[in-house]
Amino acid sequence: MRNTNTSLRQLRRRHFNRLFALLYSLATLSLLYRHLRAAVTTTNFLPPLLLFIADAVLAYMWSTTQSFRINPVVRNESPENLHRKEFPNIDIFICTADPYREPPMVAVNTALSVMAYDYPSERLSVYVSDDGGSELTMFALMEAAKFAKHWVRFCKENKIVDRNPEAYFNLDNNSIDLEIKEMYEAMKLKVETAVENRKVTDTYISGQDQRRILSQFSIDGFSRQQHPTVIQVLLNSKIDNDCLGGPVPNLIYVAREKNVTVQHHFKAGALNCLLRVSACMTNSPIILTLDCDMFSNDPSTISKAVYHISDQPEIGYVQFPQRFRGINKADIYACELKRLFRLNPLGMDGLNGPSYVGTGCFFSRRAFFGGPSSYIKPENLVLDPNSIVDGSIDHPVVLDQARFMVQSDYETNTLWGYKIGFRYGSVVEDYYTGYHLQCEGWKTIFCDPIRAAFLGDIPISLNDALNQTKRWAVGLLEVGFSKFSPITFGIKSMGVVMGLCYAHYAFWAIWCVPVTIYAFLPSLSLLRGISIFPKVNDPWFFMYAFLFLGAYGQDCFDFISKEGTMQQWWSDQRMWLIRAISSCLFGSIEYATKRLGFASHTFNITSKVEDEDKRKRYDQGMFEFEVSSPLFVPMVVASILNLVAFIWGLGRGDGDLLLQTMVAGFAVVNAVPIYEAMVWRGDGGKISNKTMGTSFLVVGFLFGVACVLG
């Protein structure tokens, strides 16, 4: 039964979506039939066969996309009904892993933003997982704990909306309190100086307590990959007070034990450790998970999530979209990922609810222990989601118990990661966990308020953006080809439409197949003077036009309807093409080699470090090719090949080759930023000579192969 506090409004375009899907399906089937017939009846069967494969994959991906368009809904909140008399405890998990790629001040600002929620401070507990096991992160959080005693009180008394200190002090506002700003700047200087020096010097250590805490990181053999557990209570709401004697949230630092001989399961493993540590200390019924750079942008967000989870026992989690700051006007790398974070969840919310996207998500603790009607008892009664914690969080018995729970081999011969907690088996632990929870019967809710609930940082170099999506591609394929594949297990557990929603993501990497074929086959055939598409006066020409314009037109409409612009949409479709022949292609290759035993996957952390020169070029809308990366080669090869083919096609003026010339021209228009980086730019973000040389060699090789097969 739907919550009376929330009304769901079905979008009227769902009727058009269904009618258009029927017409488009018929057109797609007829085109596939044409390709098959041509492959059978012509002597040169390879081009029509490749086109059939490309269009069959496009048809599959398009059909799964329709699952999001069957019943999109908008959830209208009633803020006046969100006031509560009872406030359940909430545990907040923040994950960080590398103080050099994820600067400690980023995690500090995120922690401070949620500690200052419009919520009783004594009901909040913030757990920071440091998978890097770094004294720099510990030092930063110790300094944050001291500043929090002033910041939390200041925000609540002055009704500050921007409760990330860095964001607040960067506002153009004359009313900013200079005293508290000076306190923040002093803390920031200490932390950033320590990071720059790669150690905490005696100058900044204040007292024996800090020295004792930091000494845990200087024992013999302590390294990021091999170290004992470090759990430190930095703020205790039952003991510590703010600057005026009021309560403050709990703040706990956790670095789980690491052993090079034991698999630690990356972020999923870290989150499961936080689940167990928090069960020993607070065991709050609601859990919020955040990436270290995804800070609270609205102090009232917590009220919306609490209402849904507290009053609807079948709700497993409430997902808020990932939204970002610092995006340039055109969003050249399509970092908003509007479909993943804001459009597709509308369609899933009209079914069984959105997928989990890794951050900005409020969970019911009970959801991690089996389905709503199939509770799975944990191996230790302390971990029971309904157990009551009586002792102080810094009591020696509690701390010893918590340390035991995060030993590197604790999960051996248990259900953790498989039937309990965040799930193992894929590096995209967020997608995989949300998928399993919904298969178990949990319903989920999507909340997308006008003011972003959370804001995060984006990659400002093309290499970082592509490496991030390459990792996603590998992880999604791990799920797609597992025994829990959405095509089989998902459809059986959730129904056809929800199963296809998850299947769309699971096989997202196969976009590389059609895009790679269309990036090279038409241009190579054009250069050989071979026609593979219908003539302008052929009715099949108009079928191609309908399929292309129909798909692009619907996509453009959906994008702009969610606060997008034409300029951003153009960047988005261009990055779809670029990701397909880079991230998806290399991700598929990596997955295949991993399955064959030739490679093992590593978890690459996206850099959150700001570079002034990169930021300047990004703000100007310039692509950043600052390294020689294999990911750049396919797009540069396609750009060169299509430019040559387009010029050749225009010069020849053959009507039989018009459609191929148009395809090459479309590629050329999309590749303008690449040509700029190849020829006109002289800054540090241009394409390297190594990448250029490799690309020209590949172009020559491809043309030679085409001539041999031709």
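**A buried aspartate, a sheet and a helix pair**

I begin with a side chain: that of D242 reaches the backbone nitrogen of G245 at 3.0 Å. Please bear in mind throughout that this is a predicted model. D242 lies in the loop between β5 and β6, the latter being residues 250-255. Is D242 buried or exposed? Its relative accessibility is 9%, and because the cut-off for buried is under 20%, D242 counts as buried. Leaving aside residues up to four places away in sequence, D242 touches K149, R153, P247 and V248. As for A194, 48 residues from D242 along the chain, the C-alpha atoms of the two are separated by 26 Å.

Strand β10, residues 361-364, runs antiparallel to β7, residues 286-291, and four bridges join the two. In this pairing, I287 of the chain stands opposite F363 in β10, while L288 has F362 in β10 as its bridge partner. With β9, strand β10 pairs over three bridges, also in the antiparallel sense. Here Q319 has C361 in β10 as its bridge partner.

Where do the side chains of β10 point? In a regular strand, side chains alternate between the two faces of the sheet. In β10, C361 and F363 point one way, F362 and S364 point the other way, and all are buried.

N328 is buried, with a relative accessible area of 6%. A polar atom of the N328 side chain lies 3.3 Å from the backbone nitrogen of I332. Not counting residues up to four places away in sequence, N328 touches Y618, D619 and G621.

Finally, I come to a pair of helices. Two packed helices are described by the angle between their axes and the distance between the axes. Helix α17, residues 539-561, and helix α18, residues 566-595, pack at an angle of about 125°, with their axes 10 Å apart. The two helices, α17 and α18, are therefore oblique to each other. The crossing of α17 and α18 is right-handed. Which residues meet at this crossing? From α17 they are Y552, D555, C556, F559 and I560. Their counterparts in α18 are M566, Q568, W569, D572, Q573, W576 and L577.

Thank you for your attention.

Key. Residues numbered from 1 in each chain as written. Predicted model: local features only at pLDDT ≥ 70, side-chain atom pairs only at ≥ 80, totals over all residues. Heavy atoms only, no water. Pairing = 2+ DSSP bridges. Buried < 20%, exposed > 50% of the residue type's maximum accessible area, 1.4 Å probe, protein only. Contact = heavy atoms within 4.5 Å. Polar contact = N/O pair within 3.5 Å; in protein donor to acceptor, adjacent residues only side chain to side chain. Axes fitted to C-alpha atoms, helices over the stretch in contact; angles between N-to-C directions. Parallel < 35°, antiparallel > 145°, perpendicular 65-115°, else oblique. Left-handed = near helix turned anticlockwise from the far one by under 90°.
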